[in-house]
Amino acid sequence: HIKVNPNEFQHVLRHLVRNSARAMQEMTEKKISVSTRYLADQRAEILFQDFAPGIEEEIRAAIFQRRTSTKTTSGGYGLLIARQLVEDIGGKIALLPAEPGKGAAFSIKLPIMLKQPTTPRKTGGLNHAG
């Protein structure tokens, strides 16, 4: 289980999808890949990747640190807000290194909450003498 506010987490995913859609606007084939995996340190990772041209190198360095936009109009705060929402639930979001032929790839790592039993479990009784 992952403890998140569904509305806030939807905002993160919606922003990534919106950015990808804009980046693929001129492409005939549009593709986004989302996968999940369990990490050994009791975190879940969501890998989000599009197959657009990618993010320019000069933008990559500060993409989560300051207002960044490729649009000429206002905006550019989406990834700052996404980073804050992910960090507020104890997670991390990162832009992965660029790979040839692939667009932008993001890793979102979130802590897993171990499900607590709803009723106390009875265990075999061992009596220890004091």
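A nonpolar core is a set of buried Ala, Val, Leu, Ile, Met, Phe, Trp, Tyr and Cys residues joined through side-chain atoms within 4.5 Å. In this predicted model, the largest such core holds 18 residues, and Phe64, Phe106 and Ile108 touch the most other members. At least two residues of the core come from each of α1 (6–23), β2 (43–50), α3 (78–88), β3 (92–95) and β4 (105–111). The greatest contribution is that of α3, with four residues.

Five of its seven residues are buried, so β4 is largely enclosed by the rest of the structure. An antiparallel pairing of seven bridges links β4 to β2, and within it leucine 47 has serine 107 of β4 as its bridge partner. Strand β3 also runs antiparallel to β4, joined to it by four bridges; here isoleucine 93 stands opposite isoleucine 108. Beyond the residues up to four places away in sequence, isoleucine 108 touches Phe9, Val12, Leu13, Leu16, Ala44, Glu45, Ile46, Val86, Lys92 and Ile93.

Serine 20 counts as buried because its relative accessibility is 2%, below the 20% cut-off. Apart from neighbours within four places in sequence, the contacts of serine 20 are Ile32, Phe48 and Asp50.

The structure holds zero aromatic pairs. The ring of phenylalanine 51 does, however, have the charged end of lysine 31 sitting over it, 4.6 Å from the ring centre.

Terms used. Residues are numbered from 1 along each chain as its sequence is written. This is a predicted model: local features need pLDDT of at least 70, side-chain atom pairs count only at pLDDT 80 or more; totals for chains, interfaces and linings use all residues. Side-chain values use heavy atoms; hydrogens and water are left out. Buried means under 20% relative accessible area, exposed over 50%, partly exposed in between (1.4 Å probe, protein chains only). Contact means heavy atoms within 4.5 Å. Rings of Phe, Tyr and Trp (its six-membered ring) pair if their centres lie within 6.5 Å; planes under 30 degrees apart count as stacked, over 60 as edge-to-face and the rest as tilted. A charge sits over a ring if NZ of Lys or CZ of Arg is within 6 Å of the ring centre and within 35 degrees of the ring normal. Two strands pair if DSSP finds at least two bridges between them.
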